[in-house]
Amino acid sequence: MSNSRQTSTQEPPSGKLFQFKLVLLGESAVGKSSLVLRFVKDQFDDYRESTIGAAFLTQTICLDDATTVKFEIWDTAGQERYKSLAPMYYRNANCAVVVYDITQSSSLDKAKSWVKELQRQADPNIVIALAGNKSDLSARRVIETEEAQAYADEAGLLFFETSAKTATNVNELFTSIAKKMPLDMLANPRPRGAGLNPRGVDLNRDNRESGCAC
Amino acid sequence: MATFATCTDLHRHPSTRNAGLAAISFCANDNADDELQGVPPATSYIFGQCQFLKSLSHPNLCEYLDAIKGKRDRVFVVQEHYSNSLDLNRITLEKEQESTSPRGQSITRIRKWAAQIIDALIYLNSHGIVHRALTISNILLTEDDFVKLSNYGLYYMTKGGTLVQFSIGEPHYLSPMALAQPYTLSLQDYSTDLWSVGVIMTELFLGVSFWRADRSDLDELIASLFALRKLSTTSNNWIQDCSENVGINPIVLSFLKTGRAPDQDRVKEQEREQDKREEQIQEQADQTSKEENELNTFICFLRACLSLEAFNSIEPAQIRNHDFFKALDVLHREGEQATGYRSKMWHQKPYIQSTSLPDYEGEVKRLRDAITQRRLALNEDKGTKKHPTKNELLYKLPLSQVFYLWKLAGGDVEAQFRRNGRLVGTPPIQLLPKVVHVAETKDERYQHHVRDIADLFSDVPCILPLDNLESEILKSIHEPNKDQFSWDTDYFLFSDPDEMNFLQGTMGDDKYKDRGTSGKDDDFLYPDSMRFTNMNVAFRKAPASLSSSTPSNTVGASASGGAPSLAQQPNKARVKVPLAIREKDLGYQYQRLSMFTDLLLQYPASRAEILHHSKIDIPPLLRGKVWAAILGVVGDYQEVYNGYDKYTEKPTDRQIELDVPRCHQYNQLMFSPAGHEKMKRLLKCWVKANENQAYWQGLDSCCAPFLTLNFNDEALAFACIQLFLPKFLKDMFLHDNSQVIHEYLAVFKHLLSYHDPELSSHLDHIRFIPQLYAIPWFMTLFTHIFPLDKVYHLWDKILVGPSSLPLFVGIAILQQFRQQLLRSEFNEAISIFSESFPGMDIEKCIETALAMCRVTPPSTCWLSYDQESREIREQLHLPITISTAAIPGKVVNGEVGGQKPNGKEISQSSAGPTAPVDHNIYSSSKASSDHQELKRPKEIEKRISGGVGVLHWWEEPLSIETMDAELAPRIHRSDFVKLRQQAMVIDIRPEEEFCNGHYPLSIQMVPGQLGLLVHILGKLKKNYLVVIANRGDSGPEFASALVRHGFSRVALLMGGIDALRITEPVMSLTSNSAIPGNQASPSLSTVSTASTAVTGTTTTTIITTPTICSCKPFRQAITVQSKIKDEVAVQKCKTPFTQKKMRTTMAA
Ligand SMILES: Nc1nc2c(ncn2[C@@H]2O[C@H](COP(=O)(O)OP(=O)(O)OP(=O)(O)O)[C@@H](O)[C@H]2O)c(=O)[nH]1
Ligand SMILES: [Mg+2]
């Protein structure tokens, strides 16, 4: 549980490395996994398998010479049924990307409910971004930019319309999240990759009972 | 009813005896632009449609065997093939007669051909297919002059030609109505094939071309066709109104109009010849009138075929009743009988076997006669013919298997095309005009000499040579230094002699007992004689050369003799040759294919043998059916599948729609539009059939293997899924599965500790918990993380293994990354699992998993969250009046425990283990007990009849939190007694209690001392460590500490000392034990059982230790049995071991 167990992967030549836990939420097939794949590997796959449970990836971005941010990304399953697992992933997350699909009207409603849940249950300082994905399919658009933008402003979210397919706004999305993280407020970012919250995933260990009847 | 007895892919139709294989190749549209819009590529559509064509089976159709996607948009389609065709026949006729004057065929022969062609067309129509490309050259003929249509699927698979740049069909034979007609399936479409029949038959009879224009003069032909088409719209009878300008050969036209052949004399003469041949000499006058009659009906028939008027349009099914065929039907039927062609062999599966059963023997005899005759003929021919035994080895094999073996022998369709110079350099396809390639001269096409090497499509098939296949198979079989399998050895059970083997005795062999009791009526479908004729010659010899020492227990032998003991303790080293090599080995696969085909035909009677042989490996070609047999699919599964509504919209549809296009799309079947359709139907059907469960993402992945293996038999795929999920993914798809999955993962963690404490405690330490990575593993049984080819091999073993095997596979996967994981912190560790393990060695993985599974006491992987066992438990709490149907018939070890509130036991109660994870799944035919018998297992019945049963407190399921918190598993006393001397038993109760009584040979230890004693414990080198503690004591912590200290196979005894205090006939538990020849367990409990039996008391104090051996820090437990009661007990037990122990005890 101590911070000494931090990862010590690539240490930037100079400057500070911040490490953040980021979670992706949103309805099934809105393109969460595709966004991550684009961000992490700069690839797109039309036939990527659906996510079961969750998947984990990391990506590091340099904000400036002095600041590097490493995202530990939890990509979750979108099907409503897997909802009960979500807290395990967003608990202690520093930031979240809530994704909807501009061609699916239901997906924005779902996104809103995720935002609500995050604001209620997750870390109070969590930075949330709303991503309207599949912007390349503008011909089939059903959710207007203005509508989503208005909602994002109202709820205090970062907002981007993205396309995992064409890579539009994907890096911008993650970079602006990184920038919005309260880096300055972190008194002393650990030189060896530590973040606001060191642990990848926190499981409520405290729930442990001290063994039961044998 | 033999479930697969009528499956066409397991049979070889006698008429296909001399079938060859050939392939055609063509280019599909390059629709890359459309693909961006989400339209699947044309090749993919074609590939999917071809799968359905493969399932068609009719004696007058060449079977489709495979579709292969080549480079770019090229497709290869492999089909049954014969070198003779109507066209060739015509040419040879011309040649034979050495005249250039037109020569036609006799009406008798034409009639026979026409009937067979139309039969085939009717069959195609009934499956929604029109031929559209019927020409004189793709009507092939067998040696027996039997018609086999070829290339009938081209129009169907290319969506009516819209997916290719060439037009389908040869204008020469194409109906005018089919020209430029959009792709639909209307009545008219069915009738267009009749036009072709009409043209072909006219040509055959007259011996001249139907059209005036040359076959390759497309311009004129097409002009003629359009003229005809126009004519037919204005005329009620185009034949009469047709002028010579239209372009029909004048001879043909006058024949059709007048009904007079241009050269009547010739026809007559020929008819006479024919009749002489048939030795039907009649009077001349009769003859003439008969001929005229015949000719008249023939022309009527032709006119009907060639009618173009919509009101007149007629379908193949109708024309088959034409007067023209009346004469034939009698003859035809006789011919059918004589050669053994019987339509019932070609029914769509499945159908009720009993309808054909009475005839079976007759057919067998006929079949056998035909074969003997052929053999005799072959023997006579020896010396004269080039290949006297051509296809002798192969001709019983279904063509799909022949093709498979051909590929194994190094055959490659694309390479074959290249070898024939057919695929050199493809110029830009789009530039070519939209015409059919037609060879320039007739002769050319028969020499298979095609100059246009870059053809979009050529209907000249590329022959796949089979000449050497047989000798190569034989060579491969007799190759020296082949890995040898002993045929009656159960390799699955092979284990180290010094090790426990918990699988031994629990799997496989029980099935034979079943067989005795289960209905014989449906088991032995095949008479014994059939079994032998069915045996392949080479195969029957084979076991002798393959089997090392044991008398060969071949299928036939085992079936006619008594039940063989297949599941013997392996007596030889394990299989040495890697699976990958075995699967590529021609001779080996030939033998496996023959054997499994044979076994499948006799399934379900042969289920035990199928299981047995499947443990070695499963021939990939038959995997779908073999899996179904292993799972126990029986009955009319098609009917069951049909019974579910797959079309009504449901809320889950949306998710299914989203998931199917993402499910295993690298696989061509899954990628094809046909695959998407089938997958959706299958999932919808599952949702409908399992209303207490829900569609979870991941279920699609789970179903994919079954669909790809039974692509043409959705119903079978569905039946498999319905049996597979309850067995291996029980309750995983409940509406709320969180308990289930959590518990499963907790057990997984415990098992990891049990086998790899170092890894387990490291992962626990970095909090790399299974919830984060293993959910997709277990929810989809690895289909989500491995590509299908790996999944097949993995499931081959999982299916024949206990349902706990997947857990061990999970451990084996972790172990393949062991070093990496041990060095990793959380982030690196989890990154390893975000990829789909490209380097995973599945065979090694399986082997490791099995090795662990064998030595793991089953009780350590019990799941409490098992709906069924819970129900049973609840049932058992009730005063027992259980309706027979109330208990599902599949629980193997029922449980009844006796406990009074004060903790003293009722002697007559017996505690069997709860066995939700069922190591014994095959002890009864799961399928039949689930769906048919619903019989209460004898085990439970017996116990229930003994009295009221309640669970012991320690048999109650643990809470998930408790399980999560603990690192080591718990073991039930029934397994504990099996471990015997292999286990080091550590008792951590306080010293006084220990002195008051303990398990013999246990050592006492204070939990706090562990750190000091680790070293010594390590030296004792016992295979198992079992911790005994008091209820509520620190047993779990102590066990976890042992794990962290690196001790493997540490478990906590469920119930601690309480579990050993009860008296119950453990014998009944251990009688099923893994140890062969187990007479009496030296466990305390056995002794006390005996004592109970003797004294007849209901309560027994089991342990008394008046003398304490105080050799600290360990106290070697020395049980001095006290007084008379135990003396008697020991005597009653009379096992050498106990007596010996007694002696040492006394000495001490
Ligand atoms: N046109 C277009 N398609 C996209 C885009 N992003 C994703 N897709 C497609 O949308 C489908 C779903 O994408 P995924 O990334 O699997 O969606 P997901 O949100 O991870 O879905 P779940 O894992 O089920 O929760 C895939 O077929 C993608 O190819 C995009 O930006 N544009
Ligand atoms: Mg996803």
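How many residue pairs are in polar contact between chain A and chain B? The count is 14 residue pairs, both residues at pLDDT 80 or more; a polar contact is a pair of N or O atoms within 3.5 Å, and within protein one must be able to donate a hydrogen and the other to accept it, while residues adjacent in sequence count only if both atoms are side-chain atoms.

## Basis

This is a predicted model, in which local features need pLDDT of at least 70, side-chain atom pairs count only at pLDDT 80 or more, and totals for chains, interfaces and linings use all residues. Residues are numbered from 1 along each chain as its sequence is written, chains are lettered from A and ligands numbered from 1 in the order in which they are written, and side-chain values use heavy atoms, without hydrogens and water.

## Interface of chains A and B

Chain A gives 48 residues to the contact and chain B gives 58 (heavy atoms within 4.5 Å). The two chains bury about 4200 Å² between them, with 53% of it on carbon and sulfur atoms (accessible area lost on being put together, 1.4 Å probe, summed over both).

One salt bridge is found across this interface (a side-chain nitrogen of Lys or Arg within 4 Å of a carboxyl oxygen of Asp or Glu). The side chains of Glu27(A) and Arg654(B) meet in a salt bridge at 3.0 Å, N to O.

## A sheet in chain B

In chain B, four strands form an open antiparallel sheet in the order β2-β3-β1-β7 (strands are DSSP runs of E, at least two residues, numbered from the N terminus; two strands pair if DSSP finds at least two bridges between them). β2 (64-69) and β7 (462-464) of chain B each have a single partner strand, so one side of each is left without a neighbour in the sheet.
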